[in-house]
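Me: I should like to learn how to read a protein model. Could you take me through one, feature by feature?

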Amino acid sequence: MLFICSKCSKQLDIQSRVYEKAYKEHNTCLDCRAKHGGYREGAGRPAIGVTKKVSITLPDKVWKEIEGKKGDMAMSAYLREFILNGLEEKGERS
Ligand SMILES: [Zn+2]
């Protein structure tokens, strides 16, 4: 399900059991809530990188294929792996 942070407007595609556990009573994402503590801790959570919002247009059947293949994974996580793998392959060839 989709959770939109009221503070940073980040959109999170989360599983309903994660939602029930960590998001139900909140309006903000974990990142925004973590900042309440005061100082930032670098070692807490592995940094994946920079978040950028993109819109991708694909044929409906491709979306359905992706939905089928990603299984339980969040769309963003699935696409991230897909992209990283694709870039890696490309890099080895050139
Ligand atoms: Zn946030």
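Me: What should I know before I begin?

Reply: This is a predicted model, in which local features need pLDDT of at least 70 and side-chain atom pairs count only at pLDDT 80 or more, while totals for chains, interfaces and linings use all residues. Residues are numbered from 1 along each chain as its sequence is written.

Me: What is the mean pLDDT of the protein?

Reply: The term pLDDT denotes the predictor's confidence in each residue, from 0 to 100. Where pLDDT is low, the predicted coordinates should not be read in detail. Here the mean is 83, and 82% of the residues reach 70 or more.

Me: In which order do the elements of the protein run from the N terminus?

Reply: Helices (H or I, at least four residues) and strands (E, at least two) are DSSP runs, numbered from the N terminus. This protein has four helices and two strands, in the order β-β-α-α-α-α. Confidence is lowest in helix H4 (residues 75-93), at a mean of 82, and highest in H3, at 93.

Me: How many of the eleven residues of H3 are buried?

Reply: A residue is buried if 20 or more other C-beta atoms lie within 10 Å of its own, exposed if 12 or fewer, and partly exposed in between, with C-beta atoms placed from the backbone. In helix H3 (residues 60-70) the count of buried residues is zero. Across the protein, buried residues make up 1% of the 94 residues. Just after H3, Gly-71 has a positive phi of about 60°.

Me: Which residues does Ser-6 touch, leaving aside those up to four places away in sequence?

Reply: Two residues are in contact if their C-beta atoms, placed from the backbone, lie within 7 Å. By that criterion Ser-6, in the loop between strand S1 (2-4) and strand S2 (11-13), touches Asn-27 and Thr-28.

Me: Why is Ser-6 classed as exposed?

Reply: Ser-6 is exposed because 12 other C-beta atoms lie within 10 Å. Ser-9, in the loop between S1 and S2, is exposed because 9 other C-beta atoms lie within 10 Å. The phi of Ser-9 is near 65°, a positive value in a residue other than glycine.
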